[in-house]
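Me: Hi! I have a structure open and would like to talk it through with you. Could you help me read it?

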Amino acid sequence: MGLDPLPNPYETASLTMPTLMIVLRREIPDVLPYVHGESLTECEDELARIAEMLGVTPLTHFFGQGPDGTDFFLDDEDELGESFEMPEEVWFPPADGLATIAALLSHLQATPESVADAARISMELREWQSLLHSAQRHNVTWHVGVDF
């Protein structure tokens, strides 16, 4: 009769942790719109610092979820007061995100020690890059959203 192993807190956290993701303004035929963003989410502060150092827009500055995507953050909108306005949805050209991703990938290739698990972060950045290239070819705008 052995003891049950303790749950791994990292596994539990990753199941419930919000994840950054790309939201396309419209569907693109034969293109899967969901790409991984777990590592990007975990390292978003470090990646933002690197992006600013490189002179490109941090990925989190492409956040653009509007009222339909953010109302779940609020337990009670009345508590915020009458002056609170829900954010408007904002869309960005794929080229803007591609510039950031290219700069980050180049930096991570040159200095992988600048972040923990550079290989995994680079893999996710390449997935985002691929989706944004598809969006660019189909003239579809995008923004960063949060998947729960």
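Me: Let's start inside. By class, what residues does the lining of the largest cavity have?
Reply: Seven nonpolar, one polar and one charged. Here Ala, Val, Leu, Ile, Met, Phe, Trp, Tyr, Cys and Pro count as nonpolar, Asp, Glu, Lys and Arg as charged, and the others, Gly among them, as polar. Do keep in mind that this is a predicted model, where local features need pLDDT of at least 70 and side-chain atom pairs count only at pLDDT 80 or more, while totals for chains, interfaces and linings use all residues. Residues are numbered from 1 along each chain as its sequence is written, and side-chain values use heavy atoms, with hydrogens and water left out.

Me: Which residues line the largest cavity?
Reply: Leu-20, Leu-40, Glu-44, Leu-47, Ala-48, Pro-58, Leu-59, Thr-60 and Leu-104. The largest share, three residues, comes from helix H3 (residues 44-54). Helices (H or I, at least four residues) and strands (E, at least two) are DSSP runs, numbered from the N terminus.

Me: How much space lies in the largest cavity, and how is a cavity found?
Reply: About 70 Å³. On a 1 Å grid over the protein atoms alone, a cavity is a set of points where a 1.4 Å probe fits but cannot get out, and lining residues have an atom within 4 Å of a point. Grid points are joined across faces, edges and corners, and the volume is the space filled by probe spheres set on them. The count comes to two cavities of 30 Å³ or more.

Me: Switching to the fold: how many helices and strands does the protein chain have?
Reply: Six helices and two strands, running α-β-α-α-α-α-α-β from the N terminus on.

Me: And in what sense do S1 and S2 pair?
Reply: Antiparallel, with six bridges between strand S1 (residues 19-24) and S2; strands pair if DSSP finds at least two bridges between them. Thr-19, for example, has Asp-147 as its bridge partner in S2.

Me: How many residues of S2 are buried?
Reply: Five of the six in S2 (residues 142-147). Buried means under 20% relative accessible area, exposed over 50%, partly exposed in between (1.4 Å probe, protein chains only). Of the 148 residues of the protein chain, 36% count as buried.

Me: Now His-107. Where is its place, and is it buried or exposed?
Reply: His-107 is in helix H5 (residues 94-110), and it counts as buried because its relative accessibility is 15%.

Me: What does His-107 touch?
Reply: Leaving out residues up to four places away in sequence, His-107 touches Ile-50, Met-53, Leu-54 and Ser-114, where contact means heavy atoms within 4.5 Å. The His-107 side chain also makes a polar contact with the side chain of Ser-114 (3.3 Å). A polar contact is a pair of N or O atoms within 3.5 Å; within protein, one must be able to donate a hydrogen and the other to accept it, and residues adjacent in sequence count only if both atoms are side-chain atoms.

Me: Which side chain makes a polar contact with the side chain of Ser-39?
Reply: That of Arg-120, at 3.0 Å. Ser-39 is found in helix H2 and counts as buried because its relative accessible area is 3%.

Me: Last one: what is phi of Asp-30 near?
Reply: Near 65°, a positive value in a residue other than glycine. Most residues other than glycine have a negative phi. Asp-30 is found in the loop between S1 and helix H2 (38-42).

Terms used
On a 1 Å grid over the protein atoms alone, a cavity is a set of points where a 1.4 Å probe fits but cannot get out, and a pocket is an open set with protein on both sides within 12 Å along at least five of seven lines; lining residues have an atom within 4 Å of a point.
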